[in-house]
Amino acid sequence: MTYPLIVIPFVVITVAVTLATRRRPRFAARMRASALAALVLLALTAVFDNVMIAVGLFTYPEEHLSGIRIGLAPLEDFAYPLCAAFLIPAVATLLEKKPR
């Protein structure tokens, strides 16, 4: 199994759960906030993943990667913070009690 294949279920779940909240109040505002959070998380991932890989804290087997990198960090590493930025607020929204 390759890392891009591992990422697919996370992305699919994130998209499905996020879309399930589109009829809830403040969807557009939540999407803007999630996009801003995603930008920050992606920037932090770019910096810290590159530093950790550069100092040798971990490596990836090349045969399991897509081959696309941002610096030293494989593109697949960026899916998790992106998913977190959208999935966590969506789940929190779904868990909120609906007004009567």
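Thr 21 lies in the loop between α1 and α2 of this predicted model. Thr 21 has a relative accessible area of 0%; because buried means under 20%, Thr 21 counts as buried. Leaving out residues up to four places away in sequence, Thr 21 touches Phe 27, Arg 30, Ala 90, Thr 93 and Leu 94. Val 55 stands 34 residues from Thr 21 along the chain, and the C-alpha atoms of these two residues are separated by 41 Å.

Two helix pairs involving α3 were examined. Helix α1, which covers residues 3-20, packs against helix α3, residues 79-95, at an angle of about 35°, and their axes are 9 Å apart. This crossing of α1 and α3 is left-handed. On the side of α1 the contact is made by Ile 6, Val 7, Phe 10, Val 11, Ile 13, Thr 14, Val 17, Thr 18 and Ala 20. The α3 side supplies Ala 79, Tyr 80, Cys 83, Phe 86, Leu 87, Ala 90, Val 91 and Leu 94. By class, 15 of the residues in the contact of α1 with α3 are nonpolar and 2 are polar, with no charged residue.

Helix α2 also packs against α3, with the two axes coming within 7 Å and crossing at roughly 145°. The crossing of α2 and α3 is right-handed. From α2, the contact includes Arg 30, Met 31, Ser 34, Ala 35, Ala 37, Ala 38, Leu 41, Leu 42 and Thr 45. Their partners on α3 are Pro 81, Leu 82, Ala 85, Phe 86, Pro 89 and Thr 93.

Charged side chains were considered next. Side chains of opposite charge can pair when their charged atoms come close. The structure holds 1 salt bridge. Arg 69 forms a salt bridge with Glu 62, and the closest N and O atoms are 2.5 Å apart. Arg 69 is partly exposed, with a relative accessibility of 32%.

Asp 49 belongs to helix α2, which spans residues 27-54. Asp 49 is buried but has no salt bridge. The nearest side chain of opposite charge to Asp 49 is that of Arg 69, at 9.2 Å. A salt bridge requires a separation within 4 Å, so Arg 69 does not pair with Asp 49 in this way. Apart from neighbours within four places in sequence, Asp 49 is in contact with Leu 44, Phe 58, Ala 73 and Asp 77.

Definitions and conventions
Residues are numbered from 1 along each chain as its sequence is written. This is a predicted model: local features need pLDDT of at least 70, side-chain atom pairs count only at pLDDT 80 or more; totals for chains, interfaces and linings use all residues. Side-chain values use heavy atoms; hydrogens and water are left out. Helices (H or I, at least four residues) and strands (E, at least two) are DSSP runs, numbered from the N terminus. Buried means under 20% relative accessible area, exposed over 50%, partly exposed in between (1.4 Å probe, protein chains only). Lys and Arg count as positive and Asp and Glu as negative; His and the chain ends are not counted. Contact means heavy atoms within 4.5 Å. Axes are lines fitted to C-alpha atoms, for helices over the stretch in contact, and angles run from 0 to 180 degrees between N-to-C directions. A crossing is left-handed if the near helix is turned anticlockwise from the far one by less than a right angle, and right-handed if clockwise. Ala, Val, Leu, Ile, Met, Phe, Trp, Tyr, Cys and Pro count as nonpolar, Asp, Glu, Lys and Arg as charged, and the others, Gly among them, as polar.
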